[in-house]
Amino acid sequence: MAATFTVQTATNATAATAGPALSVDSAAARHAISPDIYGLNGGDPAFNTEIGQSVARWGGNAASRYNFKNRTYNTGSDWFFENIVADEQHSVEWMVGSNLDRGVKPVVTVPMIGWVAKDSPSSHPFACGFPATRFPEQDRFDEWDPNCGNGQLGGQNLTGVPTDTSIRADAAFAGEMVSYLVNRFGTAAQGGVPIYELDNEPVLWAHTHRDVHPELVTYDELGNKGTATAAAIKAADPGAAVLGPSGWGYCEWVASGVDGCGPGPDSAAHGGLNLSQWYLKNMKDFSDAHGGTRYLDYFDQHFYPQISGGKDPEANALRLRSTRSLWDPTYVEESWIGPGGVNAPPLQFIRTMKSWIAQYYPGTKTAITEYNWGALDDINGALVQADVLGVFGREGLDLATMWGEPKPTDPGAYAFRMYRNYDGAGSRFGDVSVSATSADQGRLAVYAAERSSDKALTVMIVNKTAEDLTSPLSLAGFDSTGAAQRFTYGPANLNAIARGDDLQVTNGRVDATYPANSVTLLVLPPAGCSASLRVNGDWGTGHVATVTVTNNRGTAITGWRVSWTWPAGQQVTNAWNATLKQNGAGVAATDVGWNGSIGAGGGTTFGFQATDGAASPRLTCTPS
């Protein structure tokens with residue numbers, strides 16, 4: 001039987017402003033949330049482990065010309081077009097091995113540009129794309145390597161000589177790279193690299209790697225190189241997934257380098273389709289022509305909001321609004337993408353990606369392998385990141401990896417923790433998205449998901465305003481009357497997630513107050529029962545505790561079983577009001593008949609005495 005009820009906090013309700021109504025229906029809009037949306041491109045290893053990082057990407061501009069045979073890459077326009085020999089911890093082997101060892105999926109970028117770095121000195125002076133020995137007059141030179149210039153004179157691009165730094169590499173080279181990784185780590189099916197990426201931001205090659213690729217990228221170049229490289233990857237490892245084309249942003253989503261940022265002759269010559277649409281169609285056509293083998297598994301694009309990185313009130317407000325570009329069909333871009341620039345229609349980006357896929361290559365997954373809204377060292381950035389992760393889950397994105405990861409102490413890191421380690425014990429937001437709506441998503445954003453492991457309902461609320469907001473949270477389709485755990489991150493303490501008082505979910509309506517500029521997670525126990533332990537006495541060599549069993553259903557239960565695992569070898573020596581059995585570290589307690597029946601929302605207790613000091617095991621309660 002499904003119950004409908006509301007939840008509130010009693011904190012400072014009289015001083016708070018009335019907020020928008022929130023509603024969750026755990027029986028509606030159900031779909032799995034991919035664990036791969038919590039990925040990162042790099043970051044602090046300890047933090048990545050703490051949050052259970054799901055995916056790690058090895059990519060970026062340097063990957064376009066990485067030569068796995070000599071571990072050398074070229075920095076491109078990021079830093080004077082210099083060849084750098086990677087040390088062990090920046091090699092593809094180390095990245096793959098270290099992530100596989102941690103159970104993290106590595107995404108490995110393979111070069112597709114046509115050139116990779118040749119053998120080069122491991123220290124200054126480096127080989128570089130625009131050496132002073134060839135181009136003595138340039139606008140800038142590397143202060144640590146004065147032979148290497150920026151490839152411009154009077155602001156105009158010079159024409160480089162590709163063989164100064166690089167050697168040719170076609171699709172066969174990509175196949176060799178995959179074969180090398182298969183020989184070292186096994187196939188994808190054997191636990192090796194599961195996903196390969198088709199280069200990085202190819203329409204920008206004429207800028208980032210103009211020393212070897214000054215030509216503007218066309219539809220045909222991107223399409224032909226993409227299918228050839230994908231085929232080489234699949235030949236070397238048929239079980240590996242292919243991800244592409246990884247465009248940098250709006251202009252590359254819709255146009256080739258030749259067309260610029262909108263329809264042009266290149267588009268007209270390809271059926272009037274924009275670049276993304278044609279790319280998907282071209283991949284499907286190639287698949288159809290080769291026996292139906294799928295050559296593109298993930299349609300991937302990068303997303304950077306085209307806003308300033310400021311943290312003044314105006315910039316903060318825009319940052320909070322701009323997440324709507326991921327999904328909202330009514331949100332018109334406020335950057336140069338909107339009416340003040342190229343006048344693009346509302347992006348609703350993830351939904352647009354899915355619509356293109358549905359029309360041109362059904363079954364392809366969606367990915368955003370680079371994104372960053374900025375201000376991760378500020379509460380504003382944390383609010384935005386929490387909002388973005390909620391959108392990713394609700395909209396059904398399949399994979400995401402942040403570029404420019406937060407430091408472990410940054411507020412932005414706590415946004416990840418709210419989803420991946422909110423209690424410091426590894427507890428996570430749910431993995432089955434359910435319907436969650438707000439009367440004003442711009443003030444209070446709400447996301448909800450059921451957790452498969454214990455059927456708890458998790459509800460994330462982001463208060464984007466500078467006011468405490470009191471709002472009703474109505475839940476339907478969820479037969480539970482237990483107390484909701486409450487966890488909050490906000491300006492009151494930027495160094496920790498606060499565990500608030502539990503909120504009793506009973507008959508009728510209760511309002512919740514959400515602090516200004518904060519993220520709140522409510523964890524509601526599943527329909528069934530829950531158990532909590534209270535230590536009554538601890539003398540070091542033994543302790544006494546009471547366990548409270550609560551019926552979280554809207555109807556009575558007729559029996560119960562509570563189980564836990566001791567962390568330090570404790571042994572139960574006595575028990576009352578329950579039958580306890582212990583096997584090794586595992587303990588199971590069942591009712592004794594007279595206390596098995598518990599009415600809706602009611603509870604009972606039992607107690608025990610055990611050896612050694614008190615512990616805090618995680619209790620599991622199951623109705624019987």
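Modeller: Happy to. Let's begin with strand S33 and strand S36 (residues 603-611), which run antiparallel to each other and are joined over 4 bridges. Please keep in mind that this is a predicted model. To find the pairing on your screen, look for Trp-576, which has Gly-607 of S36 opposite it.

Now widen the view to the sheet around that pair. The sheet is open, has 4 strands in the order S30-S31-S36-S33, and its pairing is antiparallel. Its edges are S30 and strand S33 (572-576), each of which pairs on one side only. On average, neighbouring strands here are turned by 25° against each other, with direction ignored.

Cys-529 and Cys-621 are joined by a disulfide, with an S to S distance of 2.0 Å. The torsion about the S-S bond is -100°, and this link is left-handed. Cys-529 sits in strand S30 (residues 529-538) and Cys-621 in strand S37 (residues 620-623), so the bond ties together parts that are 92 residues apart in sequence. Both Cys-529 and Cys-621 are buried.

How many disulfides does the count come to? There are 3 disulfides, and with the bonded cysteines counted along the chain they follow the pattern 1-2, 3-4, 5-6.

Let's visit the other links, starting with Cys-128 and Cys-148, a disulfide with 2.4 Å from S to S. The torsion about its S-S bond is about -95°, so this disulfide is left-handed. Cys-128 belongs to the loop between strand S10 (115-117) and strand S11 (141-142), while Cys-148 is in strand S12 (residues 145-149), so the pair ties together parts 20 residues apart in sequence. Are these cysteines buried or exposed? Cys-128 is buried, because its relative accessible area is 3% and the cut-off for buried is under 20%. Cys-148 is also buried, with a relative accessibility of 0%.

Next come Cys-251 and Cys-261, joined by a disulfide with 2.0 Å from S to S. This link is left-handed too, with -80° about the S-S bond. Cys-251 is in helix H6 (residues 250-254) and Cys-261 in the loop between H6 and helix H7 (265-268), so the bond ties together parts 10 residues apart in sequence.

To finish, here is another strand for you to compare on screen. Strand S3 (residues 22-25) has a covered face made by Leu-22 and Val-24, and an uncovered face made by Ser-23 and Asp-25. Side chains in a regular strand alternate between the two faces of the sheet. What are the partners of S3? One is strand S24 (residues 469-476), which pairs with S3 in the parallel sense over 4 bridges; there, Asp-25 has Ala-476 as its bridge partner. Another is strand S21 (residues 432-438), which pairs with S3 in the antiparallel sense, also over 4 bridges. In S21, Ala-436 stands opposite Val-24, a residue of the covered face of S3.

Technical notes: Residues numbered from 1 in each chain as written. Predicted model: local features only at pLDDT ≥ 70, side-chain atom pairs only at ≥ 80, totals over all residues. Heavy atoms only, no water. Disulfide = S-S within 2.5 Å. Helix = DSSP H or I, 4+ residues; strand = E, 2+ residues; numbered from the N terminus. Buried < 20%, exposed > 50% of the residue type's maximum accessible area, 1.4 Å probe, protein only. Pairing = 2+ DSSP bridges. Axes fitted to C-alpha atoms, helices over the stretch in contact; angles between N-to-C directions.
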